[in-house]
Amino acid sequence: TEEFPKIHTKEWEKMNASKKPTIDWFKDSKYGMFIHWGLYSLQGGIWKGKKMEEMRPPFVAEWIMHAAQVSRNEYKKLANEFNPVKFNADSIAFLAKEAGMKYLVITSKHHDGFALYDSKVSDFDVMNTPFKRDIISELQNACNKQGIAFGIYYSHNIDWMDGSDAQSVEFAMRNPDASDHEKTFGANTWDPSPNTFDDYLQKKAFPQVKELMQNYPGMKMLWYDMPWRMKPEQSFTFYKIVYDLQPQIIITERIGNGFGDYFIPGDNVIPDDRDKITKPWETVGTHNNSWGYKSYDNDWKTPDEILYWLLEIVSRGGNYMLNIGPTSEGVVPDQSVYNLLEVGKWLKINGEAVYGTRKWKITKEGSTQIQMKGTGDRKKQGFKNNFAPEDFWFTEKNGKVYAIAIKYPESEALIKCMSINLVGNIKSAKMLGSQSSLSWEQTDKGLKIKLPRERPNKYGYVIEISL
Ligand code: JFZ
């Protein structure tokens, strides 16, 4: 980041300015779908009978090639088995729509180097599988039909097939105790590509990003991953290739060296109020504990837990992009579908309190949950579904404040919103999804509101307060 002002500042600022409409759209959209899908989905986290946890961390299924130290030749053969005949782009776009998501980002190429689209740059692509269908194109068309904005993830830095020296170093970036890692798991034994990093950039990554820009017009976002080891000039080139062909696209700051348009606090990380975030931001979340499909991980975030993440994030002014990992057949696991649709039902009634809102001066009251930091097992992070009726999250929009609760009070129909008394001047209050206007009383202990008997959705409610 320190290096960034030294190169192309003026040019970058000009390019950055062209993205204003997309940034505004992004800040209003709030909720999106992330899709991790590729050859690794065939294994579901198991390589020759061994689970990832018996091999090398990180234990996310899209890292199976690294975890099992699979040689490039052996890994390449998986392409002969890739035939997800049940994949239906329309039903995935429809799922996103019904889930209340406004955009969708799919892995066009992950760290294993396999392209899910028709690439003329590399043979290691979906057209060289029995499936022979351009997944990126099908999904983009399906999203266009549903009015879901479309974007792609592209692993610009790590490419185990064609990149260089991509061994446990990536892990070292995240884990300062990499030497322990080597002691525990041994040195890497696989055969990384002989290409230099620069060869890889010139011959594969830059040309692939360019062809993606040429072949899939009208995209909204590009999710580059892993800023580690990128030189400022290289990050800049990745930014400019996109700008030259699709100037509206906004780019993650994981491009490296400060060139991104929006900030990613970390995987499954809700930023702390004290973090000084200057760019629009997005938290990405796993649904279980893996991005790619993991056959034995059934530790799904429940609907109210997903709602909790969404509220924590939106009340702080950010976006939430929640992941699905389709199987080798191209289907989304049932529990994942069910949970997304449950949240979608909540959003159909309460979406007013989410979309287009901004951070209010108070983000939250009540103290049920803790801050969660870091990727990984959410139970280890201390998550319990123990929401209380005293917990409220707040957002604001057009002179209205939304007080959002995940839990109804059990017997009393009277709730107290302590924070609201700070604003004075209340004109009216109502519950979203209910016709009756509510009576309220401003006390020195906060706003007391008498709730209607209706329960528009089982996962809590929103009081819309007009000021
Ligand atoms: C990366 C990938 O390695 C992973 O497979 C997945 O695609 C995820 C969305 O992104 O993993 C990261 C990258 C950066 C951080 C954590 C995980 N980080 O900065 O905390």
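Which residues in α9 meet which residues in α10? Before getting to that, a quick word on what you're looking at: this is a predicted model. On the α9 side the residues are L201, F206, V209, K210, M213 and Q214, and they meet Q234, T237, F238, I241, V242 and L245 in α10. Sort the residues of that contact by class and you get eight nonpolar, three polar and one charged.

Let's stay with this pair for a moment. Two packed helices are described by the angle between their axes and the distance between the axes. Helix α9 covers residues 197-215 and helix α10 covers residues 232-245; they pack at an angle of about 25 degrees, with axes 8 Å apart. Angles under 35 degrees count as roughly parallel, so α9 and α10 are roughly parallel to each other. Their crossing is right-handed.

Now for the wider view. The chain has 467 residues, and 46% of them count as buried. Its secondary structure comes to 12 helices and 17 strands.

Two other helix pairs are worth a stop. Helix α5 (residues 89-98) and helix α6 (residues 135-146) have axes that come within 8 Å and cross at roughly 45 degrees. That angle makes α5 oblique to α6. The contact of α5 with α6 divides into seven nonpolar, two polar and four charged residues. As α5 passes α6, the crossing is right-handed. If you want to pick the residues out in your viewer, A89, D90, I92, A93, F94 and K97 in α5 meet E138, L139, N141, A142, C143, K145 and Q146 in α6.

The other pair is α11 with α12. Helix α11 spans residues 303-315, helix α12 spans residues 334-350, and they pack at an angle of about 60 degrees with their axes 9 Å apart. Are they parallel or oblique? The angle makes α11 and α12 oblique to each other. Here too the crossing is right-handed, with α11 passing α12. The meeting residues are P303, I306 and L307 from α11, and N339, E342, V343 and W346 from α12. By class, this contact has five nonpolar, one polar and one charged residues.

Next, the ligand. It is surrounded by 11 residues, and the closest are E62, D225, G266, D267 and W291. What classes make up this shell? The shell has five nonpolar, two polar and four charged residues.

E62 sits in the loop between β3 (50-51) and α3 (64-67). Is E62 buried or exposed? E62 counts as buried, because 27 C-beta neighbours lie inside 10 Å, and 20 or more is what it takes. Leaving aside neighbours within four places in sequence, E62 is in contact with H36, G38, Y40, H110, H111, W291 and G292. W291 is also among the residues closest to the ligand. As for H110, it is 48 residues from E62 along the chain, yet the C-alpha atoms of the two are separated by 7.9 Å.

A couple of backbone details deserve a look as well. Most residues other than glycine have a negative phi. Q69 has a positive one, near 50 degrees. Q69 belongs to the loop between α3 and α4 (72-76). With 17 C-beta neighbours inside 10 Å, Q69 counts as partly exposed. N268 also has a positive phi, near 55 degrees, and its place is the loop between β7 (250-251) and β8 (282-285). N268 counts as buried because it has 20 C-beta neighbours inside 10 Å, and the cut-off for buried is 20 or more.

For a last stop, go to N386, in the loop between β10 (364-365) and β11 (392-397). N386 is exposed, since 9 other C-beta atoms lie within 10 Å. How far is N386 from K102 in sequence and in space? N386 and K102 are 284 residues apart in sequence, and C-alpha to C-alpha they are 29 Å apart.

Terms used: Residues are numbered from 1 along each chain as its sequence is written. This is a predicted model: local features need pLDDT of at least 70, side-chain atom pairs count only at pLDDT 80 or more; totals for chains, interfaces and linings use all residues. A residue is near a molecule or strand if its C-beta atom, placed from the backbone, lies within 6 Å of it. Ala, Val, Leu, Ile, Met, Phe, Trp, Tyr, Cys and Pro count as nonpolar, Asp, Glu, Lys and Arg as charged, and the others, Gly among them, as polar. Helices (H or I, at least four residues) and strands (E, at least two) are DSSP runs, numbered from the N terminus. A residue is buried if 20 or more other C-beta atoms lie within 10 Å of its own, exposed if 12 or fewer, and partly exposed in between; C-beta atoms are placed from the backbone. Two residues are in contact if their C-beta atoms, placed from the backbone, lie within 7 Å. Axes are lines fitted to C-alpha atoms, for helices over the stretch in contact, and angles run from 0 to 180 degrees between N-to-C directions. Angles under 35 degrees count as roughly parallel, over 145 as roughly antiparallel, 65 to 115 as roughly perpendicular and the rest as oblique. A crossing is left-handed if the near helix is turned anticlockwise from the far one by less than a right angle, and right-handed if clockwise.
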